[in-house]
Amino acid sequence: MDAIVTDRLTLSYGSVNALKEVTFAVHRGELYGIIGADGAGKTTLFRILATLVLPDSGQAWVDGYDVKAQYREIRRRIGYMPGRFSLYQDLSVKENLSFYASVFGTTIKENYELIAPIYSHLEPFARRKAGNLSGGMKQKLALCCALIHKPSVLFLDEPTTGVDPVSRQEFWDMLGDLRSRGITILVSTPYMDEANRCDRIALMREGEFMQVDTPQHIIASYRDELWAAESDNMFRLLGDIRHFEGVKRCYTFGVEHHFTADATVVERLRTYLAARGYKELTIRRVAATIEDCYMQLEDKYHG
Amino acid sequence: MDSVIKVEELTKRFGNFTAVDHISFSVQRGEIFGFLGANGAGKTTAMRMLCGLSRPTSGRGMVAGYDIETQYEDIKNNIGYMSQRFSLYEDLKVWENIRLFGGIYGVDEKEIKHRTDELLAELHFEKERNAYVKSLPLGWKQKLAFSVAIFHRPSIVFLDEPTGGVDPATRRQFWEMIYAAAEQGITIFVTTHYMDEAEYCNRVSIMVDGRIDALDTPRRLKSEFGATTMDEVFRALARHAGRKE
């Protein structure tokens, strides 16, 4: 059996449908990413799989055990790093880790080998209170705490939100290392660039999985002709391209704007923009990224 | 062009730890200024001084025409502030949030009524006037939070990671609002960990170990560092950080 299996998981809070018949499976040893915004239902899904809430309907198994009937077995086998809180701010780095080890009936020493590559970053601050660590360090400590009992499945709910780009990269390097040790990892993130580091990803929105595949396949399935435009006045350019007949969508994309249109439309657009007096105007054909795929799905959603 | 922020040698020490180490820069009216740095580089400490919430150990600064050392109460009245973590009261209705923040910033009762109608019409939110904020989709909440932050017409608004944890579509809508506000002359001071957003700024500063190690337009920074993206510029600078936390 796969490490995580769900069958039509559904949960509502009052009139809000947090999760709508979500069915998916995560293979053993897979690094599986859930990509979606605040409110997409990611946390609800994690809470069900971590046996903290029961679904209204549907079933789920983690490491072969049923989340309803066999929750005690599951709790022994998983590591869970919730998005907001998982550390005791008034305990030191070392105390937090010892506490989590004792909860699971183990010691830091017993499983030190697994956390050593991560904990070595923290050891110089072992006596500092967790509350006085900054973003990147807190996340590393929380990861150590989630790993201290050698779980077979790891749930990480937005571990890198609010973390700077360099610390994010370090964190993902650590996940790659854990994956190579055979630990199954389910991780959620709003950062599209992190999607590329997963074996498979699910794009999630309003309680549903919109698309599931490898990042490469998702990118390959992008069908529109995608272009990038740049000029001296980017704000005005955004409106001009967006409202030009034949342009399907146009949005900011870092230093450029991305837009989709047929080649014939782009030729007319060039002439039009030249006449509007833009300086240093360039338009070039570009390959789609995961972020462009998300924007395309977003459009389909709105019709 | 006149400057809305001007600081010289601004420094903040906690005991023998120098969180902000002699930073000097200025921000022009109507500019979108990106304030970047790794976690722990000193951004939050610097921003708290600029917002009048803490006093510098040494150095000088003017924000919105007031001295950060002596006129910090005036600063608080003349700036806008929004963060991802806190911006609106979820258990209050849309109109109640607007009225509360308008009142806190000293906008008079009649003017609040008038501007509330105007704001709701602009956002196409007339139907949501009596809705609880917690019932709004995230994208709407953000638009409302930003509008509330500039409701008292400050000359500058501070945005502290306004888009953390937000999906790509909503982030873009938010940046279009920022652009529009800047076009109207409101100065934008923004922190972010998304490097594509750094590209949307007129100028960007990057803090490393309490100092500003780079400050220029994204285009010039990239050419200076021989990089194609701001992400590469950021990495090149942050790699040399001595301070881990």
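This is a predicted model: local features need pLDDT of at least 70, side-chain atom pairs count only at pLDDT 80 or more; totals for chains, interfaces and linings use all residues.

## Labels and their grounds

Trainee: What makes chain B as compact as a globular protein of its length?
Mentor: Chain B has 9 helices and 10 strands. Its radius of gyration is 18 Å, and the globule rule gives 18 Å for 245 residues, so chain B is as compact as a globular protein of that length. Along the principal axes, the C-alpha atoms of chain B fill a box of roughly 50 × 40 × 35 Å.

Trainee: How much of chain B counts as buried?
Mentor: Of its 245 residues, 57% do. The accessible surface of chain B is about 10800 Å², with 48% belonging to carbon and sulfur atoms.

Trainee: Why is Glu232(B) called partly exposed?
Mentor: The relative accessible area of Glu232(B) is 36%. Buried requires under 20% and exposed requires over 50%, so a value in between is called partly exposed. Glu232(B) is found in helix H9, residues 230-238 of chain B. Its C-alpha atom is separated by 8.2 Å from that of Lys222(B), 10 residues apart along the chain.

Trainee: Why is Gln139(A) called buried?
Mentor: Its relative accessible area is 15%, and the cut-off for buried is under 20%. Gln139(A) therefore counts as buried. This residue is found in helix H5 of chain A, residues 135-147. Not counting residues up to four places away in sequence, Gln139(A) touches Met81(A), Glu158(A), Pro159(A), Thr160(A), Val163(A) and Phe171(A).

Trainee: How do you know that Ile78(A) is buried?
Mentor: Ile78(A) has a relative accessible area of 6%, which is again set against the limit of under 20%. Ile78(A) lies in strand E6, residues 78-81 of chain A. Leaving aside neighbours within four places in sequence, Ile78(A) is in contact with residues including Ala50(A), Val62(A) and His149(A). Ile78(A) and Arg47(A) are 31 residues apart in sequence and 12 Å apart in space, C-alpha to C-alpha.

Trainee: What makes the phi of Glu280(A) worth a remark?
Mentor: Phi of Glu280(A) is near 50°, a positive value in a residue other than glycine. Most residues other than glycine have a negative phi. Glu280(A) is found in the loop between helix H10 (263-275) and strand E14 (282-285) of chain A.

Trainee: Is Glu280(A) buried or exposed?
Mentor: Exposed: Glu280(A) has a relative accessible area of 58%, and the label requires over 50%.

Trainee: What can be said of Glu161(B)?
Mentor: Glu161(B) has a positive phi of about 45° although it is not a glycine. Glu161(B) lies in the loop between strand E7 (156-160) and helix H6 (168-183) of chain B. The relative accessible area of Glu161(B) is 13%, and buried means under 20%, so Glu161(B) is called buried.

Trainee: What is the area buried between chain A and chain B?
Mentor: About 2900 Å², of which carbon and sulfur atoms give 56%. In chain A, Pro165(A), Phe235(A) and Thr252(A) lose the most area to chain B, together 20% of what that side buries. By contacts, 37 residues of chain A meet 33 residues of chain B.

Notes
Residues are numbered from 1 along each chain as its sequence is written. Chains are lettered from A and ligands numbered from 1 in the order in which they are written. Side-chain values use heavy atoms; hydrogens and water are left out. Helices (H or I, at least four residues) and strands (E, at least two) are DSSP runs, numbered from the N terminus. The radius of gyration is taken over C-alpha atoms; the globule rule is 2.2 Å times the number of residues to the power 0.38. Buried means under 20% relative accessible area, exposed over 50%, partly exposed in between (1.4 Å probe, protein chains only). Accessible areas come from the Shrake-Rupley method with a 1.4 Å probe; for residues, only the protein chains shown count as cover. Contact means heavy atoms within 4.5 Å. Buried area is the accessible area (1.4 Å probe) that two parts lose on being put together, summed over both.
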